[in-house]
Amino acid sequence: KEPDAKTCYIWAYNGQYPVAEISNADYSAIETILGASNISVFSTTYPDKSDVDSFIAPLKTGLPNAQITSFSFVPLIGMVSQTDAKGMTIYYEYDSFQRLKHIKDQNGNIIKSYDYHYKP
């Protein structure tokens, strides 16, 4: 990577999973916009997609040159959504055994499907 390009992460789910990847921004600028104590408190929460989106919304206006990718998870199962820097969201759906079943685009169209077969 370029020596000046920086990538920072914001964590949640008790510090287990990243909820935002911010490229082209310094962590001190992120702390200034969101607040260091707010970031610390947010890292202990278990947010859904709307909570993550509302928490990082000030970054999108405060850091116009930053590329922000956000994620949301269901702990012990997996990632349930990923929104890229262009605002396109991909959703991940799991079956009752917590196996990945479908990957869907933002319109609910199935992009990829997984089918599991076991021999008796």
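Visitor: How many bridges join strand β4 to strand β5?

Guide: This is a predicted model, in which local features need pLDDT of at least 70, side-chain atom pairs count only at pLDDT 80 or more, and totals for chains, interfaces and linings use all residues. Residues are numbered from 1 along each chain as its sequence is written, and side-chain values use heavy atoms, leaving out hydrogens and water. Strands (E, at least two residues) and helices (H or I, at least four) are DSSP runs numbered from the N terminus, and two strands pair if DSSP finds at least two bridges between them. β4 and β5 (residues 89-94) run antiparallel, and the number of bridges joining them is three.

Visitor: Which residue takes a positive phi in the hairpin of β4 and β5?

Guide: Within the pair, Q82 stands opposite I90 in β5. The hairpin has five residues between its strands, and the residue with a positive phi, near 90 degrees, is G87.

Visitor: Which residue in the turn between β3 and β4 has a positive phi?

Guide: Strand β3 (residues 67-74) pairs with β4 (residues 78-83) in the antiparallel sense over five bridges. Here F73 stands opposite M79 in β4. Three residues lie between the two strands of this hairpin, and the one in the turn with a positive phi of about 70 degrees is L76.

Visitor: In what order do the elements of the chain run?

Guide: The chain has three helices and seven strands. Read from the N terminus on, the order is β-β-α-α-α-β-β-β-β-β.

Visitor: What share of the 120 residues is buried?

Guide: Buried means under 20% relative accessible area, exposed means over 50%, and partly exposed lies in between (1.4 Å probe, protein chains only). The C-alpha atoms fill a box of roughly 55 × 30 × 25 Å along the principal axes. Of the 120 residues in the chain, the buried share is 30%.

Visitor: Which residue's side chain makes a polar contact with the side chain of H102?

Guide: H102 is in strand β6 (residues 100-104) and counts as buried because its relative accessible area is 14%. Contact means heavy atoms within 4.5 Å; leaving aside residues up to four places away in sequence, H102 touches Y91, Y92, E93, I110, K112 and S113. A polar contact is a pair of N or O atoms within 3.5 Å; within protein, one must be able to donate a hydrogen and the other to accept it, and residues adjacent in sequence count only if both atoms are side-chain atoms. At 3.3 Å, the partner of the H102 side chain is the side chain of S113.

Visitor: Is Y13 buried or exposed?

Guide: Y13 sits in the loop between β1 (7-12) and β2 (17-23), and its phi is near 55 degrees, a positive value in a residue other than glycine. Most residues other than glycine have a negative phi. With a relative accessible area of 1%, Y13 is buried.

Visitor: What is the relative accessible area of N14?

Guide: N14 lies in the loop between β1 and β2. Its phi is also positive, near 60 degrees. N14 counts as partly exposed because its relative accessible area is 48%.

Visitor: How much of the accessible area of the chain do carbon and sulfur atoms supply?

Guide: Accessible areas come from the Shrake-Rupley method with a 1.4 Å probe; for residues, only the protein chains shown count as cover. The chain exposes about 7700 Å², and the part supplied by carbon and sulfur atoms is 53%.
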